[in-house]
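Keep the sequence and the 3D view side by side as you read.

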Amino acid sequence: MKTDRNMTYSDFERDHPAALAALLAMSKAVDASGLEKALTELVKLRVSQINACAFCIELHLSVARRAGVDEAKLDLLPAWRDSAAYSARDRAALAWAEHVTLTPTAALPAEPRTALDTVFDASEQVNLTVAIANINAWNRIAGALHFPTRTPAAA
């Protein structure tokens, strides 16, 4: 039995192909839904920040840059509420992502859902919520198993 508690993404890919396939299928479904890639990457990045998942932050920063997300949006993401860089659609998606990620045990406040209803149709709301659930699952897996980042450790 392996005693090293750390696992790499490659280990996960090799040793748990069914779990990987299920997670990737969710991602592909969201990508195929028509939601803007830049928007879903902002959401994945914000959720990964909340969950303190370095592996996913590094990965989704890279994907967001390739998707053409403006650098100001990436730089200001932790303080998105205080920046004019984000559209109403971005704001609704980010508020929903934070709400779903930090789901309280008490009754759900109406505000995040009301904002979502103004800029996302019902199908988009489902796909956005699937994207949020999927990145939360990835964050839990990568964080708990200590997937290393590609960035070398500081000397």
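Just after helix 8, His146 adopts a positive phi of about 60 degrees. His146 is not a glycine, and it is partly exposed, with a relative accessible area of 38% (buried means under 20% relative accessible area, exposed over 50%, and partly exposed in between, with a 1.4 Å probe and protein chains only). Helices here are DSSP runs of H or I with at least four residues, strands are runs of E with at least two, and both are numbered from the N terminus. Before going further, please note that this is a predicted model, in which local features need pLDDT of at least 70 and side-chain atom pairs count only at pLDDT 80 or more, while totals for chains, interfaces and linings use all residues. Residues are numbered from 1 along each chain as its sequence is written, and side-chain values use heavy atoms, leaving out hydrogens and water.

Now move to the other end of the helix. Asp121 caps the N-terminal end of helix 8, with a side-chain oxygen 3.1 Å from the backbone nitrogen of Ser123.

Asn136 deserves a stop of its own. This residue is found in helix 8 (residues 122-144) and is buried, with a relative accessible area of 10%. Its side chain joins that of Thr101 in a polar contact of 3.0 Å; such a contact is a pair of N or O atoms within 3.5 Å, where, within protein, one must be able to donate a hydrogen and the other to accept it, and residues adjacent in sequence count only if both atoms are side-chain atoms. Leaving aside neighbours within four places in sequence, Asn136 is in contact (heavy atoms within 4.5 Å) with Val47, Asn51 and Thr101.

Next, look at the nonpolar interior. A nonpolar core is a set of buried Ala, Val, Leu, Ile, Met, Phe, Trp, Tyr and Cys residues joined through side-chain atoms within 4.5 Å. Of the 25 residues in the largest core, Phe120, Leu128 and Trp138 touch the most other members. The elements that give two or more residues to this core are helix 2, helix 3, helix 4, helix 6 and helix 8, and the largest share, 6 residues, comes from helix 8. Not counting residues up to four places away in sequence, Leu128 touches Leu35, Val43, Ala93, Trp96, Leu116 and Phe120. A second, separate core of 10 residues includes Leu42, Ala64, Leu77 and Leu94.

Helix 6 is the next stop. With 14 residues, helix 6 reaches 20 Å from its first C-alpha to its last, close to the 20 Å expected at 1.5 Å a residue. Because 11 of these 14 residues are buried, helix 6 is largely enclosed by the rest of the structure. The buried residues include Arg89, Asp90, Trp96, Glu98 and Thr101, and what covers the buried residues of helix 6 includes helix 3, helix 5 (71-76), helix 7 and helix 8.

Ala52 lies in the loop between helix 3 (37-50) and helix 4 (54-66). Although Ala52 is not a glycine, it has a positive phi of about 55 degrees, and it is exposed, with a relative accessible area of 64%. Ala38, in helix 3, counts as partly exposed at 28% relative accessibility. Not counting residues up to four places away in sequence, Ala38 touches Ala67 and Val69.

Finally, step back to the whole chain. The protein chain has 8 helices and 0 strands. Its radius of gyration is 16 Å, close to the 15 Å that the globule rule gives for 155 residues, so the chain is as compact as a globular protein of that length; the radius is taken over C-alpha atoms, and the rule is 2.2 Å times the number of residues to the power 0.38. Taken along the principal axes, the C-alpha atoms fill a box of roughly 50 × 35 × 35 Å. Of the 155 residues, 37% count as buried. Among contacts between residues at least 6 apart in sequence, 67% join residues at least 24 apart.

How values were computed: Expected span 1.5 Å × (residues − 1).
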